[in-house]
Amino acid sequence: MRGSFTWLSLYAILGIALAQSNAFGVRGGVSVYQYRTDFAQFYARMGVEIGAHGRIGLFMSRKSRLHHAIMPGFGYLMGHSRLVLDSAIYISPLTGRPLTGIAQAHTYTHFLYLQGLWRLSFDEEGAFAVAAGPQVLRLLGQTLMLQYDTPDGQPIQEWNRVSLGDVERVIPPWIVNVALLGEVRFREGLRSDWYLYLQTIHQVDRFLWPTGLLVGVSWMRRA
């Protein structure tokens, strides 16, 4: 294990030094993410994801002709979920009165993500590539929006910032996932490329249960 780690480190250093098919850029898109717990499950809704990532070329396999690279990345991920509430049970945090009508709760959970993926492609730039590797989410906080009707039928929206301590009772501060990514280049320039990407997130402590889907566009500038 130690020898394998040493070789991987050596490949990464050589890739950076030689700038072999290296590229760095930004990406952004829509997300559907929800941390899976033993508590009541919300219905996942559309969120956002923005970040920065890179590609560090390592080597090409002689037999398969596959190009190997490392894809480090970090960014912001927002998970949006919705839950229909029993208005006879829940009360308004602001007024202290029971909710009326059809009550809903929307949670907007904020994360910082860090990931390092192993990338395979048939050419250096990667007109089509797949990647897989570990991802870590750091919980930043949560915003709650209650939506309900007043007794006279007026719609009300209440926005509340949930304390980080309360959120961590349900969601741990650190979440370990496995990320799977596929990307296709749709525009090629002299020094930069545009890609469409699709990434799935699989929760490690839930036997790799799929908990997230990210779809968007990335821009990469070649070194």
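These legends accompany close-up views of a predicted model.

**View 1. Glu49 and Arg27 meet in a salt bridge.** Let's begin with one of the five salt bridges that the structure holds. Here the side chains of Glu49 and Arg27 come together, with an N to O distance of 2.9 Å. Glu49 belongs to strand 2 (residues 43-60) and Arg27 to strand 1 (residues 23-33), so this pair links parts that lie 22 residues apart in sequence. Are these two residues buried or exposed? Both Glu49 and Arg27 are buried.

**View 2. Arg119 pairs with Glu183.** This view shows another salt bridge, formed by the side chains of Arg119 and Glu183 at 2.9 Å, N to O. Arg119 sits in strand 4 (residues 100-121) and Glu183 in strand 7 (residues 174-188), so the bridge ties together parts that are 64 residues apart in sequence. Arg119 has a relative accessible area of 1% and is buried. Glu183 is buried too, at 3% relative accessibility.

**View 3. Arg185 forms a salt bridge with Glu188.** The closest N and O atoms of this pair are 3.7 Å apart. Take a look at Glu188 as well: its relative accessibility is 53%, so Glu188 counts as exposed, the cut-off being over 50%.

View 4. You will find Thr143 in strand 5 (residues 128-149). Which side chain makes a polar contact with the side chain of Thr143? That partner is His110, at 3.3 Å.

**View 5. The largest nonpolar core has 13 residues.** Tyr33, Leu77, Phe111, Leu137, Ile171 and Ile175 are the residues with the most contacts inside this core. At least two core residues come from each of strand 4, strand 5 and strand 8 (192-203).

**View 6. A core of seven residues lies apart from the largest one.** Among the members of this other core are Ala105, Leu144, Leu146 and Tyr148.

Notes: Residues numbered from 1 in each chain as written. Predicted model: local features only at pLDDT ≥ 70, side-chain atom pairs only at ≥ 80, totals over all residues. Heavy atoms only, no water. Helix = DSSP H or I, 4+ residues; strand = E, 2+ residues; numbered from the N terminus. Polar contact = N/O pair within 3.5 Å; in protein donor to acceptor, adjacent residues only side chain to side chain. Salt bridge = Lys/Arg side-chain N within 4 Å of Asp/Glu carboxyl O. Buried < 20%, exposed > 50% of the residue type's maximum accessible area, 1.4 Å probe, protein only. Core = buried A, V, L, I, M, F, W, Y, C linked by side-chain atoms within 4.5 Å.
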